[in-house]
Amino acid sequence: MCAGIGVHSGAHVRMALQPAPVDTGIVFVRSDVKIVDNVIRAHADSVGDTRNCTTLRNKAGVEIATVEHLMSACPGLGVDNLIVEVDGPEVPILDGSSAPVVQTLQNAGLKTQHAPQRMIRILEPIEVRMGAKSAALLPPGEFEGLDLDVTIRFADPAIGVQRRRVQLTPETFLTDVADARTFGFLADPEIIRAAGLGRGASMDNTLVVDGGRVVNPEGLRFD
């Protein structure tokens, strides 16, 4: 169990992580919704909005927002089956990283389920481009797992052009990914809040960048 505010809604929300049977997948349950279907599968077909966060929606129109950090922690630790009960419209942002979710899962303990795991194998390159942005899935090389190679480009010199490559295992996830936090720009809050977003954002859960520097007194967790 963990609790906190939603970075966009600003609402206080509680989240309980429950064990799930084989082949459940990751499933969100909106415990505050009673009249209609309140179960939302964490599946690509459920993605309803990607404006400043990822929002999942079921056929009844029930949504759960800002699932990114939890959805990073699950494959990062090798968790395939999990029921996530949330009593609000958004997953709590906590400290803006996956680390608190990782700690919660590790404290509860992970159990191996004895059933074959279905995997997708990439047999030929698949690429998507949107303007200057692109993403590609490529057939594996010597490393049989998820080999991530990511580049970001921002005008602010505090970020600039950065590249990171991680061959994902539970060990590399813990050392190289889990502590990474959400970031935003000091010039953006009024625009974001005018769109009804970012109401719960603060320097407790977001890295703030302004004029070539990170504003947060504690600085960065990674080089």
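**Notes on the model**

I start with Gly76, which sits in helix H1. Helices here are DSSP runs of H or I with at least four residues, strands are runs of E with at least two, and both are numbered from the N terminus. What you see is a predicted model, in which local features need pLDDT of at least 70 and side-chain atom pairs count only at pLDDT 80 or more, while totals for chains, interfaces and linings use all residues. Residues are numbered from 1 along each chain as its sequence is written, and side-chain values use heavy atoms, with hydrogens and water left out.

Back to Gly76: its relative accessibility is 1%, so it counts as buried. Buried means under 20% relative accessible area, exposed means over 50%, and partly exposed is in between, with a 1.4 Å probe and protein chains only.

Next, the cavity. How many cavities of 30 Å³ or more does the structure hold? There is one. A cavity is a set of points, on a 1 Å grid over the protein atoms alone, where a 1.4 Å probe fits but cannot get out; lining residues have an atom within 4 Å of a point. Grid points are joined across faces, edges and corners, and the volume is the space filled by probe spheres set on the points. For the largest cavity that volume is about 50 Å³.

The lining of the largest cavity consists of Thr66, His69, Leu70, Val91, Pro92, Ile93, Leu94, Ser97 and Val101. By class, six of the lining residues are nonpolar, three are polar and none is charged. In that count Ala, Val, Leu, Ile, Met, Phe, Trp, Tyr, Cys and Pro are nonpolar, Asp, Glu, Lys and Arg are charged, and the others, Gly among them, are polar.

Most residues other than glycine have a negative phi. Thr66 has a positive phi, near 55 degrees, and Leu94 also has a positive phi, near 55 degrees. Thr66 belongs to the loop between strand E7 (63–65) and helix H1 (68–77), and is buried because its relative accessibility is 8%. Leu94 belongs to the loop between strand E8 (82–86) and helix H2 (99–108).

Now the salt bridges. The whole structure has 12 of them, each being a side-chain nitrogen of Lys or Arg within 4 Å of a carboxyl oxygen of Asp or Glu. One of them pairs Asp32 with Arg30, with 2.8 Å between the closest N and O atoms. Are these two partners buried or exposed? Arg30 is buried at 9% relative accessible area, and Asp32 is partly exposed at 36%.

Asp49 and Arg51 form another, at 3.9 Å from N to O. Here Asp49 is partly exposed at 28% and Arg51 is partly exposed at 43%.

A further bridge joins Arg164 and Asp176, at 3.8 Å from N to O. Arg164 is in strand E12 (residues 161–167) and Asp176 in helix H3 (residues 170–176), so this pair ties together parts that are 12 residues apart in sequence. Arg164 is partly exposed at 41%, as is Asp176 at 26%. There is also a network, in which salt bridges with shared partners join Asp95, Asp179 and Arg221.

Val150 is part of a nonpolar surface patch of about 460 Å², together with Leu146, Leu148, Ile152, Phe154 and Phe183. Patches are made of residues with over 30% relative accessible area and no salt bridge; like charges are joined within 9 Å, and nonpolar side chains (Val, Leu, Ile, Met, Phe, Trp, Tyr) within 5 Å. The areas come from the Shrake-Rupley method with a 1.4 Å probe, and for residues only the protein chains shown count as cover.

Which element gives the most to this patch? Strand E11 (residues 147–153) does, with three residues. Leu146 lies in the loop between strand E10 (133–137) and E11, and is partly exposed because its relative accessibility is 48%.

Note on methods:
1 Å grid on protein atoms, 1.4 Å probe; cavity = no way out; pocket = protein on both sides within 12 Å on 5 of 7 lines; lining within 4 Å.
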